[in-house]
Amino acid sequence: MGGEAEIKQHLQPKSLPSETTEKKQHNVKRRRLWQKVKYQLVEYHALPAYLRDNEYIIGHYRSEWPIKQILLSIFTIHNETLNVWTHLIGFFLFLALTIYTATKVPSVVDLHSLQDRLPDILRKTDLHKLHSDLMSRLPSSPSKWHVMELLYNCLPERFYHGNYTDMCVLHSVKEDLANMIAPLIFRPITRWPFYAFLGGAMFCLLASSTCHLLSCHSERVSYIMLRLDYAGIAALIATSFYPPVYYSFMCDPFFCNLYLGFITTLGIATVLVSLIPVFQTPEFRVVRASLFFGMGFSGAAPILHKLIIFWDQPEALHTTCYEVLMGLLYGLGALVYVTRIPERWMPGKFDIAGHSHQLFHVLVVAGAFTHYRAGLVYLKWRDIEGC
Ligand SMILES: [Zn+2]
């Protein structure tokens, strides 16, 4: 029986090759057409509830696409394209800044500015310690001994005798001397708070970019991605405190630990609160913004404290200017995020470019960059002054 069936099957006429190709082509065409319909951008009202967030952005939504199409959509135009790219470019900017900081900033002591400030700095330095440091570290070549002689004549006994010593220091301390004593007086201080901030910024920008790209895949992915986004924002805000708090209060461990502990706890609490499902609903937009804004605003306390302690220090004022500018940029970002300006004035006109979330992203990158500049001022200040 089985053999008979096998023979019958074998004898059945096979379809002609041209017919098969036609069928195949037809199938390919059908599949392409289906994909075109399936992966077309949709309007707000056609979205599932979990993807509805901003009713003023009317069209150009991707909805429940497969991961492959979503990943490819990074290079196509839809209403999240600029949201993805603004923070992706921001991420690469901070990656470049981190590499720059790691390779160039250790030589933050600029010898030319150092020569101008040297007499002033030397006055504050423990000269007896410097002298013994020099004695133990300088190699005994004749030219170095000349430098030793210079130092010995000027420092430390005659240093306190007014103008004569100042003139002596000003005229004698040449670049080679500055070169030699700089590493002895100015030991680079720890960099970890600055790198923590750079890491926090990169994590926030990359998490946000990924969230905007992938969230439209499914409800589950959207839920995970939004949590990641909130965790990124909390990380950026918390780590933004590390350089100003650490470098302002590095000589006062009590306040240093108090402020760092407080902001780290607040950051973790914010991430935990964001895990509650209701937190991501559109009705909670104001609560979300307020929580992050409040977290950032608590930075006013250590900054005011720093100003009181170091009111006569130019670096304290300089960094505060950057911090105020950063606060304005973040504050403006939060305001734009909550009010959804400008799309609320002309719904549908800013779907692709110019809507509030894109402006918010640009303001966040600008704010973080301002903070980076402030961080460099702190490093230079503490490298030179120490505690
Ligand atoms: Zn975003």
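Colleague: Why is Val42 called partly exposed?

Modeller: This is a predicted model, and in it Val42 has a relative accessible area of 24%. Buried means under 20% and exposed means over 50%. Val42, at 24%, falls in between, so it's called partly exposed.

Colleague: Okay, and where does Val42 sit?

Modeller: Val42 is in the loop between helix H2 (17-38) and helix H3 (67-72).

Colleague: What does Val42 touch, if you skip its neighbours within four places in sequence?

Modeller: Val42 is in contact with Leu47, Gly59, His60, Tyr61 and Ser63. Take Tyr61: it is 19 residues from Val42 in sequence, yet their C-alpha atoms are 5.1 Å apart in space.

Colleague: Let's move on to the histidines. Which residues does UniProt list under "binding site"?

Modeller: The unreviewed UniProt entry puts that feature at His212, His357 and His361.

Colleague: How do you know that they gather at one spot?

Modeller: They span 150 residues in sequence, but no two of their C-alpha atoms are more than 11.3 Å apart, so they do gather at one spot.

Colleague: What makes His212 count as buried?

Modeller: Its relative accessibility is 8%. The cut-off for buried is under 20%, so His212, at 8%, passes. His212 is found in helix H10, and its contacts beyond four places in sequence include His357 and His361.

Colleague: Last topic, the largest nonpolar core. Which of its residues touch the most other members?

Modeller: Of its 64 residues, those are Phe94, Phe194, Phe197, Tyr247 and Tyr372. Several helices supply at least two residues each, among them H4 (81-104), H10 (192-214) and H16 (356-385). The largest share, 15 residues, comes from H11.

Colleague: What is Tyr247 in contact with?

Modeller: Skipping neighbours within four places in sequence, its contacts include Ile189, Phe194, Tyr378 and Trp381.

Notes:
Residues numbered from 1 in each chain as written. Predicted model: local features only at pLDDT ≥ 70, side-chain atom pairs only at ≥ 80, totals over all residues. Heavy atoms only, no water. Core = buried A, V, L, I, M, F, W, Y, C linked by side-chain atoms within 4.5 Å. Buried < 20%, exposed > 50% of the residue type's maximum accessible area, 1.4 Å probe, protein only. Helix = DSSP H or I, 4+ residues; strand = E, 2+ residues; numbered from the N terminus. Contact = heavy atoms within 4.5 Å. UniProt positions renumbered as here; feature names shortened; annotations may be inferred.
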